[in-house]
Amino acid sequence: MPSLFVIQGRDQGKRFELENGTAQIGRDSNNTIKLHDTEVSRNHARIKVTDEGSEWIDDGSSNGSFVNSLRVTNQQLKSGDRIQIGRTLMIYTGPTKAPATAAGDAVGIVGKKQNDSRIIKSISQEEGSQLLGSFENDESPWLARARSNLQIMYRTALAVSHTLDIDQLLERIMELIFEWVDADRGCVMLVDRETDALIPKVRRDRKDETSENKLEISKTILDYVRANREGVLTSNARDDERWDMAASIVKLGVREAICVPMQGRYDMVGIIYIDTFTPPEVSLQNPGKNKFSEEHLKLMVAIGHQAALAVEDTSYYSAMMQAERLAAVGQTIASLSHHIKNILQGIRGGSYLIEEGLKADDAEITRKGWGIVERNQDRISKLVMDMLTFSKEREPDLSPNDINEVVRDVAELMQSRASEMNVALEVAVDETMPILTFDAEGIHRAILNIVTNAIDASSELEDRKGKVIIATSLDTEAQTVHIQVTDNGTGIGPDSIDKIFTVFESNKGNRGTGLGLPVSKKVVQEHSGEIRVDSVLNQGSTFTITLPAIYPEPRATTEIPLD
């Protein structure tokens, strides 16, 4: 499905899916796509989507619409087009069309044949990278310089690909620039998308000058670089024989600077500035000799482009993460609200019965109402405990415990629920089970959640009585302990079995929270164990928890000397 993804602006991270038809875009709430951007018109534009493609139509907006930096009124969109309206930058993604010959049909992986090719040489990435650093003594200066620049760009690309933090990224870029270019001072400035101003992010001084020594940059140079998207090389020395160079140099010295744009795929994201200072006495000894050359300028333009791509990728990744977090929060709130609403309705119904029973002095109605309230209190308590268990990173509280005792306690706790639902609950433990080291509370909750699901699944049978068996066994050879919960319930279909451990996925309708099995899996994994499910639709399911059998360490004994 085609979509618009906002990568810059107040709505950064939002994705708008586009269905066939016309979607209105603007600031007004009646728009299909509402943007929180004061520079976007109330009804800014439309996007018309058909099976043949998508067309952008500007509705006479004040600030216009720009597709790939060109102002347009009507424009047929291609996947990857960048659309700028106001301060909002969006990427259009079109529907993916399968190639005429699918890759799966055109490429085949075959087994070993008699005439198979054989490997005659292999090298690692590190060895391959050494090619960029090797120089022959008889190389021409041009080839040596080209190879050196290639090595610099290779190392720049590696450096910017190893971090997703923009501040760390910019620090690393400036560090590499000072390693390769003989600069005295430098800084990186990024464009603030809200104010359009350049904000300094990183400053570096080769001589460790204090921050009190302010780095002053010509606004004329910055404006030129931003307007023309070109790098510039400047110097305050004059190529004029009539200029009294000696007198001026003695007083001022020579300051050279390079200022380049950080031009990315979609826009200019910032500027890199470096400069160097030649003291007066050095300038007098080597008049007319500059530290910076056109080669340095070309190299800095290339580095600026690499840095801009990295900043864009990092911003895009951050926006994607933000969108995923917001989606997860929205899903969590929606799911919890739904379950809490059902629980509150149950409590309200029970409270009504209690009130009616008290009015009529009818103990039976009162007890019935209290039973409903109590069950819903248990539900809200279980929901809260599952939320805490799932959301909190924790190490298991390991101590010597009896796994059979934990299983019996779960069975005793669930016996009344099973009886109410006409389900037989049985326990078949391995009586030879030794005392083992595990988190009794965590494993208790993991088993409890599985048994609850098993009872619910077995209570829906019409042709036979429900039955749930909790069993334990010890594999001495593999040094593992197994807890099996088997039911003869409705079973789990092939389409659902891969989703049962996903948060908020539930087959119980209003009765389930979708947290029980994910919590069980998390607890088991915290014990370095695994949980497996085997199920046949309309026949039943078996959940098997496998844990490492960790024996308690023997207690140290202290010998008491005899008198």
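1. Disulfides. With a disulfide taken as a pair of cysteine sulfur atoms within 2.5 Å, the count comes to 0 disulfides. The model is a predicted one, in which local features need pLDDT of at least 70, side-chain atom pairs count only at pLDDT 80 or more, and totals for chains, interfaces and linings use all residues. Residues are numbered from 1 along each chain as its sequence is written, and side-chain values use heavy atoms, with hydrogens and water left out.

2. Cys-187 and Cys-259. The cysteine sulfur closest to that of Cys-187 belongs to Cys-259 and lies 8.0 Å away, which is too far for a bond. Cys-259 is likewise in no disulfide. Here "buried" means under 20% relative accessible area, "exposed" over 50%, and "partly exposed" in between, with a 1.4 Å probe and protein chains only. Cys-187 is buried, at a relative accessible area of 5%, and Cys-259 counts as buried at 1% relative accessibility.

3. The chain as a whole. The protein chain comes to 12 helices and 23 strands; these are DSSP runs numbered from the N terminus, with helices being H or I of at least four residues and strands being E of at least two. Of the 563 residues in the protein chain, 39% are buried. Contact is defined as heavy atoms within 4.5 Å. Among contacts between residues at least 6 apart in sequence, 60% join residues at least 24 apart.

4. Two strands are said to pair if DSSP finds at least two bridges between them. An open sheet of 6 strands with antiparallel pairing runs in the order E2-E1-E11-E10-E7-E8. Strands E2 (15-17) and E8 (70-72) stand at its edges; each has a single partner strand, so one side of each is left without a neighbour in the sheet. The twist from one strand to the next averages 30°; axes are lines fitted to C-alpha atoms, for helices over the stretch in contact, and angles run from 0 to 180 degrees between N-to-C directions. Within this sheet, E1 (residues 3-8) and E11 (residues 88-93) pair in the antiparallel sense over 5 bridges, and Ser-3 stands opposite Thr-93 in E11.

5. Ser-69. The loop between strand E7 (65-67) and E8 holds Ser-69. Although Ser-69 is not a glycine, its phi is positive, at about 75°. Ser-69 counts as partly exposed at 48% relative accessibility.

6. The five-stranded sheet. A second open sheet described here has 5 strands in the order E18-E20-E21-E23-E22, with mixed pairing. Its edge strands are E18 (423-428) and E22 (530-536), each of which pairs on one side only. Neighbouring strands of this sheet are turned by 15° against each other on average, direction ignored. Strands E20 (residues 466-475) and E21 (residues 480-487) pair in the antiparallel sense over 8 bridges. Ile-470 stands opposite Val-485 in E21.

7. The loop between E20 and E21. Thr-476 is found in this loop and counts as exposed at 55% relative accessibility. Thr-476 and Ala-549 are 73 residues apart in sequence, and their C-alpha atoms are 8.4 Å apart in space. Gln-479 has its place in the loop between E20 and E21 as well. Gln-479 is not a glycine, yet it has a positive phi of about 55°. Its relative accessible area of 34% makes Gln-479 partly exposed.

8. Helices H10 and H11. Helix H10 (residues 403-420) lies across E18, E20 and E21 and runs at about 170° to E18. H10 and H11 pack at an angle of about 35°, with their axes 9 Å apart. H10 passes H11 in a right-handed crossing; a crossing is right-handed if the near helix is turned clockwise from the far one by less than a right angle, and left-handed if anticlockwise. Residues of H10 that meet H11 include Ile-403, Val-407, Met-414 and Arg-417, and those on the H11 side include Ile-443, Ile-447, Val-451 and Ile-455.

9. His-444. This residue lies in helix H11 (residues 440-458). His-444 is buried, with a relative accessible area of 17%. The side chains of His-444 and Asp-409 are joined by a polar contact of 2.8 Å; a polar contact is a pair of N or O atoms within 3.5 Å, where within protein one must be able to donate a hydrogen and the other to accept it, and residues adjacent in sequence count only if both atoms are side-chain atoms. Leaving aside neighbours within four places in sequence, His-444 is in contact with Val-406, Asp-409, Val-410 and Leu-413.
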